[in-house]
Amino acid sequence: MKKAPQSLLLSIFVWGSGQFFIGKQRIKGLLFFLMQAIVVGVELSTGYWVELISAQQLSEFQMRLHGGFFTKGIWGLITLGEVPGAKGGDHSMMLMITGIIAAMLLIIIGLIYVWNLKDAYATGKLIDEKQTYISSKNYFKSLYETKFEYIVLSPIVLAVLFISIMPILFSILTAFTSYSAGNLPPAKLVDWVGFENFFKLFTVPIWSSTFFGVLQWTLIWTVAATLSTYFLGMVQALILNNQYVKCKSMFRTILILPWVVPSLISLLVFRNVFNGQFGPLNQFLLESGLIASRIPFLTDPMMAKITILLVNLWLGFPSAMLMISGVLSNMDPSMYEAAQLDGATSAQEFRYITLPLLLKVTMPLLVMSFAFNFNNFGAVFFLTEGGPANPNYQFAGHTDILISWIYKLTMDNQMYNMASVMSILIFIVIGSVSYWNFKNTTSFKEV
């Protein structure tokens, strides 16, 4: 029998044994075996398998009580528990988290197992074809030289998996459960409900009307907030870039102040300034005789939306101004000289030279600004808290955007499953728009 199938057969049951016995790669074989021993050891040490087998009481086995880390983890992810109750019961969401971690680790372990099999077969095949035995030292040296980038990135990938990917998976899976205020563990068990929450969002009138109403305002807010700050910043940058403007540094410093001050502080200040009853702006306008009654800046639905957009414009245009100023300062002046020789006016220079070049360079940043404003929780919540209240909406106000509605669903009303549904839909919207824009942006194609 050839060495390749022998090596593969040995490593199927005991990791690294093919490399150890057939390929005479002692260190590599022991490392593969150590990985298998750790996996088996963790499962046995965290469960009651040894006790049950030694006592021959397998008939009394219960996965929720006797399973190890991996088996109980997968069981918990599938069932989300079987016994409710704060004392001795199953906590469905903790079981889900543990199950996700166990599943991710099992996937990694599975990949290592496949690597073990492929390497065992390759080791045996090399011996069959060339009668060559590669030492463990030479193998790891070759591996380091050919896979250096993967070795360096592997710790970062693992960190991303368990710090970023795992919470995302938990959020996604929550959308398919009954995890809400009326079904909180450990007093009650959470169940898998499939796409019921998604159907509820689009078929139950109170949920669908709220969703589409909030989505409509979210899109209006996102487009208006992005374009207004961008074009006001462009206007300011063009003015400061003009050769006739003196003291440019001073004006640039003054204009950048709204961006330098932390936005939370600015929003809270504006919230007091625009207060309908005691705000200094209303008081000043009344005393000046410019208005006869107080303006409901934050309590009238339409006025509140306009106020949010104006405040965001004040806070956001300096960043666009700085970005565009940097682009303008690096433009080739010979293009403008050639245009002037051809008799182009200032408006034509802006339309055919400046604007196309600005859009080409800044379009990726404009797309990023769109994604940021779509989830700009602070600009809405710290100014109006989503108000004024809308009696036709489910847990949302007139100025709530999707992200602030999600906040209210989770923090105030404990509707975790519906909030997770919203998060998935937000990801789909932002991901689709961003992908389409990046794919069709000239600057991105050049990269």
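What covers the buried residues of helix α18? Let me start there. This is a predicted model, in which local features need pLDDT of at least 70, side-chain atom pairs count only at pLDDT 80 or more, and totals for chains, interfaces and linings use all residues. Residues are numbered from 1 along each chain as its sequence is written, and side-chain values use heavy atoms, with hydrogens and water left out.

Back to α18. The cover includes α11 (205-241), α13 (263-273), α15 (301-329) and α19 (402-412). Helices here are DSSP runs of H or I, at least four residues, numbered from the N terminus. Helix α18 spans residues 377-384, and seven of its eight residues are buried. Buried means under 20% relative accessible area, with a 1.4 Å probe and protein chains only. The buried ones are F377, G378, A379, V380, F381, L383 and T384. Just after the helix, E385 takes a positive phi of about 55°. Then comes a cis peptide bond, from G387 to P388, with omega near 0°. P388 lies in the loop between α18 and α19.

Now the cores. A nonpolar core is a set of buried Ala, Val, Leu, Ile, Met, Phe, Trp, Tyr and Cys residues joined through side-chain atoms within 4.5 Å. The largest has 24 residues. Those with the most contacts inside it are L201, W207, F211, L402, W405, L409 and M422. Five helices each supply at least two residues: α10 (196-203), α11, α17 (346-374), α19 and α20 (416-439). The most come from α20, with eight. Take M422. Leaving aside neighbours within four places in sequence, M422 is in contact (heavy atoms within 4.5 Å) with L201, F211, L402, W405, I406 and L409. A second, separate core has 16 residues, including A237, L255, F317 and L328.

Next, the largest pocket. Its volume is about 750 Å³. A pocket is an open set of points on a 1 Å grid over the protein atoms alone, where a 1.4 Å probe fits, with protein on both sides within 12 Å along at least five of seven lines; lining residues have an atom within 4 Å of a point. The volume is the space filled by probe spheres set on the points. Of the 23 lining residues, I112, W115, L143, Y150 and S154 are closest to the centre. The elements giving two or more residues to the lining are α3 (26-46), α7 (92-130), α8 (136-146) and α9 (148-174). The largest share is from α7, with eight residues. By class, the lining has 18 nonpolar, one polar and four charged residues.

Some backbone details. A cis peptide bond runs from P185 to P186, with omega near 5°. P186 is in the loop between α9 and α10. K24 has a positive phi of about 55°, although it is not a glycine. K24 sits in the loop between α2 (17-22) and α3. L80 lies in the loop between α6 and α7. Is L80 buried or exposed? L80 counts as buried because its relative accessibility is 0%.

Last, confidence. pLDDT is the predictor's confidence in each residue, from 0 to 100. The protein's mean is 91, and 97% of its residues reach 70 or more. Confidence is highest in α6 (residues 69-79), at 96, and lowest in α21 (residues 442-446), at a mean of 56. Where pLDDT is low, the predicted coordinates should not be read in detail.

Technical notes. Ala, Val, Leu, Ile, Met, Phe, Trp, Tyr, Cys and Pro count as nonpolar, Asp, Glu, Lys and Arg as charged, and the others, Gly among them, as polar. Buried means under 20% relative accessible area, exposed over 50%, partly exposed in between (1.4 Å probe, protein chains only).
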